[in-house]
2 protein chains.
Amino acid sequence: MADESAHRPASADQPALKLEEFLPYRLTVCASLVSQALSRIYCERYKIGVSEWRVLVTLGQFDMMTAKGIGVHSQMHKTKVSRAVAQIERRKLLIRRANRDDMRESFLSLTPAGREIYDELAPIALDFARQLIDTVDEADRAALDRALKKLAERSVQLAPDIVNSGGTR
Amino acid sequence: MADESAHRPASADQPALKLEEFLPYRLTVCASLVSQALSRIYCERYKIGVSEWRVLVTLGQFDMMTAKGIGVHSQMHKTKVSRAVAQIERRKLLIRRANRDDMRESFLSLTPAGREIYDELAPIALDFARQLIDTVDEADRAALDRALKKLAERSVQLAPDIVNSGGTR
DNA sequence: TATTGTTATACTCTATAACTATA
DNA sequence: TATAGTTATAGAGTATAACAATA
């Protein structure tokens with residue numbers, strides 16, 4: 001019987017919806033800010049987009065991988081991977097080598113030039129992430145880690161058929 | 001002198017860059033999954049996009065506001081607000097009332113029909129957020145809250161001129 | 001028939017600037 | 001001159017489907 005206002009009946013057990021406290025909104029804003037700040041580093045310096053960045057990092061991490069493998073690991077649709085790979089190949093940062101056991105796919109890996117850029121970029125990216133996480137209280141870091149895992153997991157449960165496009169399909 | 005491999009010199013104090021552990025990547029993937037799962041609810045049911053959703057929620061929260069105010073509160077660029085407002089107005093979910101003290105702007109508010117949709121949507125959205133946060137250990141929730149604040153803050157410091165477009169400019 | 005990868009296409013979003021009208 | 005808001009436009013990114021080659 002203690003309505004807060006006439007037009008917004010927000011029942012006793014239901015708190016009001018405040019955008020600035022709404023978790024999906026906060027996650028989006030936070031991720032967007034972080035992502036923008038990071039792309040400053042690689043976009044301006046190496047003229048690559050998010051997809052190319054992910055291909056580069058995945059190949060730097062695994063040395064040799066198929067396009068499909070890159071897609072799975074970096075949560076990107078095969079068409080996006082295909083185009084990103086093509087772009088990076090044009091710039092001679094990666095090479096393809098046929099897989100004789102399955103001629104549909106090929107193994108991709110960084111060229112020395114690609115490896116050079118990766119070796120230059122990786123420490124900068126790690127440093128960026130370090131600067132971010134350093135502002136989070138040390139006691140909170142593991143909690144953040146767990147929370148991100150749970151939230152992603154739960155979203156998929158709540159909408160089972162969503163495409164896990166990782167924001168860059 | 002204990003290199004892990006010949007080609008990836010990952011110096012002793014610098015851990016390797018793993019995409020799946022890289023915070024900006026994880027944030028993007030998580031936010032994208034959450035966002036997609038949520039839009040299932042309002043996109044399919046009410047045929048509105050993220051910007052329209054934010055306008056609706058902001059007006060539901062504040063009753064009356066200018067376009068500029070909506071932009072500030074929901075982190076959207078004025079052009080995006082303008083178009084979202086126009087779309088929602090076309091559907092007669094909001095009305096404009098001139099501000100006689102400053103004829104450049106006008107006060108926006110929900111019509112009864114708009115309020116009806118809001119009253120229907122808000123509890124669903126809150127319930128969605130509840131279902132998400134419920135999977136996060138209770139002890140971790142405050143930490144997540146603090147972490148998101150710090151991360152957003154730090155990103156802006158690291159790239160001072162980024163536009164806080166909240167993922168939907 | 002199914003899978004890997006590419007290409008085409010239509011569509012939506014995004015960024016920017018230019019503009020109107022008010023102040 | 002500056003601000004609120006609108007409109008135009010070019011470019012980027014997106015989803016889908018269709019396709020070729022191989023399995």
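What rotation and what shift along its axis superpose chain A on chain B? With both chains displayed, a rotation of 180° with 0.0 Å of shift along its axis brings chain A onto chain B at an RMSD of 0.0 Å, where copies are superposed by least squares on the C-alpha atoms of residues with pLDDT of at least 70 in both. The two copies are thus related as by a two-fold rotation axis.

Before going further, note that this is a predicted model, in which local features need pLDDT of at least 70 and side-chain atom pairs count only at pLDDT 80 or more, while totals for chains, interfaces and linings use all residues. Residues are numbered from 1 along each chain as its sequence is written, chains are lettered from A in the order in which they are written, and side-chain values use heavy atoms, with hydrogens and water left out.

Select A:Leu144 to find the axis: its C-alpha is the one in chain A nearest the axis, 2.6 Å from it. The contact residues of chain A recur in chain B to 100%, so that the same surface serves both copies.

Next, select the interface, taking contact as heavy atoms within 4.5 Å; 77 residues of chain A then touch 77 residues of chain B. The two chains bury about 7,200 Å² between them, 65% of it on carbon and sulfur atoms, buried area being the accessible area (1.4 Å probe) that two parts lose on being put together, summed over both. Within chain A, pick out A:Leu17, A:Leu19 and A:Leu33, which supply 9% of the area that chain A buries against chain B, more than any other three residues.

Now turn to the charged pairs, where a salt bridge is a side-chain nitrogen of Lys or Arg within 4 Å of a carboxyl oxygen of Asp or Glu. The whole structure holds 14 salt bridges over all chains, and 4 are found across the interface of chain A and chain B. One of them to select is B:Arg146 with A:Asp140, whose closest N and O atoms are 2.7 Å apart; B:Arg146 lies in helix α6 (residues 138-158) of chain B and A:Asp140 in helix α6 of chain A, so the pair joins two chains. Helices here are DSSP runs (H or I, at least four residues), numbered from the N terminus. A further salt bridge links the side chains of B:Asp140 and A:Arg146, at 2.7 Å from N to O.

Finish with A:Phe22 and B:Trp53, a tilted aromatic pair with 6.0 Å centre to centre and 45° between the planes. Rings of Phe, Tyr and Trp (its six-membered ring) pair if their centres lie within 6.5 Å, planes under 30 degrees apart counting as stacked, over 60 as edge-to-face and the rest as tilted.
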